[in-house]
Amino acid sequence: MAQALLGLYGGYFGGGVGIMTTATYGLLAGMPPHRLMAPRTLMLAIANTAAAIVFIGFGMVRWWVCLPMLVGAVAGGWLGAHYGKKLSPRIIRWWTLAVTATTTIVFFFRAYG
């Protein structure tokens with residue numbers, strides 16, 4: 001059930017779903033973040049592929065915007081995995097909390113500030 005909800009959210013919106021998936025898997029499996037990278041990446045790839053098929057099929061993709069984002073996502077994913085494997089679980093948890101808190105504050109002030 002948790003994976004289905006994460007897949008729906010990730011396929012439609014995507015924002016922060018990697019963090020949400022890591023947190024959910026960590027709570028359910030009781031595993032450190034390093035051991036969750038591969039299954040998280042696989043599940044996010046499946047959800048995003050399904051969403052991409054729907055968006056492409058309905059002609060909802062602006063390719064001139066999509067292609068630079070694709071390059072950035074691939075580079076960011078590779079670099080994140082490369083350096084993430086070298087960091088301690090504690091640093092990953094604190095970094096995740098810091099990014100999540102900052103993002104929440106920024107979106108809050110954009111919406112209500």
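**View 1. V54 lies in helix α3.** Helices and strands here are DSSP runs numbered from the N terminus, with helices (H or I) of at least four residues and strands (E) of at least two. This is a predicted model, in which local features need pLDDT of at least 70, side-chain atom pairs count only at pLDDT 80 or more, and totals for chains, interfaces and linings use all residues. Residues are numbered from 1 along each chain as its sequence is written, and side-chain values use heavy atoms, with hydrogens and water left out. V54 counts as partly exposed because its relative accessibility is 43%; buried means under 20% relative accessible area, exposed over 50%, and partly exposed in between (1.4 Å probe, protein chains only).

**View 2. Helix α3, from end to end, covers residues 33-57.** That's 25 residues, reaching 35 Å from the first C-alpha to the last, close to the 36 Å expected at 1.5 Å a residue. The expected span is 1.5 Å times one less than the number of residues in the helix. Look for the kink of about 30°, centred on P39; the bend at a residue is the angle between axes fitted to the seven residues ending there and the seven starting there. On the buried side of the tally, α3 has P33, L36, M37, L44, A47 and A51. Just after the helix, G59 takes a positive phi of about 65°.

**View 3. Y9 of helix α1 and A47 are 9.0 Å apart, C-alpha to C-alpha.** In sequence, Y9 and A47 are 38 residues apart. Helix α1 takes in residues 2-12. Y9 has a relative accessible area of 28%, so this residue is partly exposed. A47, for its part, is one of the buried residues of α3.

View 4. Helix α4 (residues 63-84) gives the most to the patch, with four residues, while I56 sits in α3. I56 is partly exposed because its relative accessible area is 45%. Leaving aside residues up to four places away in sequence, I56 touches V61 and W63; contact means heavy atoms within 4.5 Å.

**View 5. Zooming back out, the protein has five helices and zero strands.** From the N terminus on, the elements run α-α-α-α-α. The C-alpha atoms fill a box of roughly 45 × 35 × 30 Å along the principal axes. Of the 113 residues, 15% are buried. Among contacts between residues at least 6 apart in sequence, 50% join residues at least 24 apart. The accessible surface comes to about 8,700 Å², and 75% of that belongs to carbon and sulfur atoms.

Definitions and conventions: Accessible areas come from the Shrake-Rupley method with a 1.4 Å probe; for residues, only the protein chains shown count as cover.
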